[in-house]
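Please look at the sequence and the 3D structure below before reading the report.

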Amino acid sequence: MKPIFKSKGDNGSASIQPRPNDPCWCGSGTKYKRCHQDADLSARRSQREVLTLGRVRKGSVSQRRRIPEAVPAPDYATTGIPPRPIDIEPMQGERLRRMRRACQAAAKILHDAGTQVRPGTTTDAIDAFVHEQAVALGAYPSPLNYRGFPKSLCTSVNEVICHGIPDDRALLDGDIVNLDVTIYLDGMHGDCNATFPVGAIDAASRHLVDVTQACLRAGVGAVTPGRPISDIGRAIEAYATHHGYGVVRSYCGHGIGEAFHSSLQVPHYFDRRATMRMEPGMTFTIEPMICIGSPDEIVWDDQWTAVTKDLQRSAQFEHTVLVTADGVEVLTEYHPV
């Protein structure tokens, strides 16, 4: 949503910008065009410059990285077309053991990828790191060729909400970057992401990142067997709006297991239509996207990169969770060995 410029009246309240021949808002009795119009136009130009400061520009995308033939690949790896989403059977026994392993491996790769974030590093270099880490484990990086996505990792910088494509743009001191890692290992997908500071970030960005991480905790804390999926979004939205932030509605969490995305959807805002009850054995992601300004987005012509319409910053954190008999297990919680 575009910001509406407002000027201050003589009582300090906001008023709609006057027309050129209207009396100036300052109360001088002079026409606006002969009084404050030039100063206000200059202020509007400055406002636009602030909104676009640090705006992420497209870089060059390198060629798709190769996967050794020995690495088991998901069904869409060659065609780019995933099968129609279906329900995933409750996880138990050997399937659950494999799911835990895939999620723990993804969490370790995300942690290690975060150590690569620094000014001057490119997102393409981080993509290469994640790709190599996955392959070394015998895992397939799930984003690669999913619906044609060209890389092994999603990297979303500053105003990019999600699905940013790694490229040769160098990260700058003061940026924030989300790294979204999913791997396919032992026939299961493990999915997690986190937003990292690049060098020293300003207080507003730090607060956004902290609140977004707390939103994830609130969502995870709402997972209770027998309760509707809508409880998760209710908890996230309440926390975000309390701090004055917007919650992106165009993207949601999803069921996960043998399939990267199942038919289950997990909104991050309260949606009374999300009536499915959480039951033990269900596995899904919770991945709130929280914005300083408007949560409305536009998508670049690459058909992937979603950015905030007002170019203000967005952050995201994600876990894959398991509903248990008495609550929740966070499958992608990082546990150092």
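**Basis of the report**

This is a predicted model, in which local features need pLDDT of at least 70 and side-chain atom pairs count only at pLDDT 80 or more, while totals for chains, interfaces and linings use all residues. Residues are numbered from 1 along each chain as its sequence is written, and side-chain values use heavy atoms, with hydrogens and water left out.

**The chain as a whole**

The secondary structure of the protein chain comes to five helices and 17 strands, where helices (H or I, at least four residues) and strands (E, at least two) are DSSP runs numbered from the N terminus. Of the 337 residues in the protein chain, 50% are buried; buried means under 20% relative accessible area, exposed means over 50%, and partly exposed lies in between, with a 1.4 Å probe and protein chains only. Among the contacts in the protein chain with a separation of 6 or more, 69% are between residues 24 or more positions apart, a contact being heavy atoms within 4.5 Å.

**The nonpolar core**

A nonpolar core is a set of buried Ala, Val, Leu, Ile, Met, Phe, Trp, Tyr and Cys residues joined through side-chain atoms within 4.5 Å. The largest one has 65 residues, and those with the most contacts inside it are Leu179, Ile183, Ile232, Phe284 and Ile286. Among the elements that give two or more residues to this core are helix 2 (93-114), helix 3 (123-136), strand 6, strand 7 and helix 4 (203-221). The largest share, nine residues, comes from helix 2. Apart from this core lies another, of seven residues, which include Val248, Tyr251, Met289 and Ala306.

**Two helices**

The table sets out the spans of two helices, from first C-alpha to last, beside the expected span, which is 1.5 Å times one less than the number of residues.

| Helix | Length | Span | Expected span |
|---|---|---|---|
| Helix 2 | 22 residues | 32 Å | 32 Å |
| Helix 4 | 19 residues | 27 Å | 27 Å |

The buried residues of helix 2 include Leu96, Met99, Ala102, Cys103 and Ala106, and what covers the buried residues of this helix includes helix 3, strand 6, strand 7, strand 11 and strand 16. In helix 4, the buried residues include Leu208, Val209, Val211, Thr212 and Cys215. An α-helix has 3.6 residues a turn, so residues three or four places apart point the same way. At the start of helix 4, a side-chain oxygen of Asp202 reaches to within 3.2 Å of the backbone nitrogen of Ala204.

**Strands 6 and 7**

Strand 6 (residues 176-185) and strand 7 run antiparallel and are joined by 10 bridges; two strands pair if DSSP finds at least two bridges between them. Two residues lie between the strands of this hairpin, in which Asp186 takes a positive phi near 55 degrees. Strand 7 (residues 188-197) is mostly covered, with nine of its 10 residues buried.

Ile183 has Gly190 in strand 7 as its bridge partner, and, residues up to four places away in sequence aside, Ile183 touches several others, including Ala102, Ala105, Ile109, Tyr140 and His189. Ala194 is also found in strand 7 and counts as buried because its relative accessibility is 12%. The C-alpha atoms of Ala194 and Ala315 are separated by 8.3 Å, although these residues are 121 residues apart along the chain.

**Cysteines and polar contacts**

The structure holds zero disulfides, a disulfide being a pair of cysteine sulfur atoms within 2.5 Å. Cys192 is in no disulfide either, as the nearest cysteine sulfur, that of Cys103, is 7.7 Å away.

A polar contact is a pair of N or O atoms within 3.5 Å; within protein, one must be able to donate a hydrogen and the other to accept it, and residues adjacent in sequence count only if both atoms are side-chain atoms. Thr285 lies in strand 11, is buried at 0% relative accessibility, and makes a polar contact through its side chain with the side chain of Glu287 (2.7 Å). Glu237 is found in helix 5, and its side chain makes a polar contact with the side chain of Arg249 (3.1 Å).
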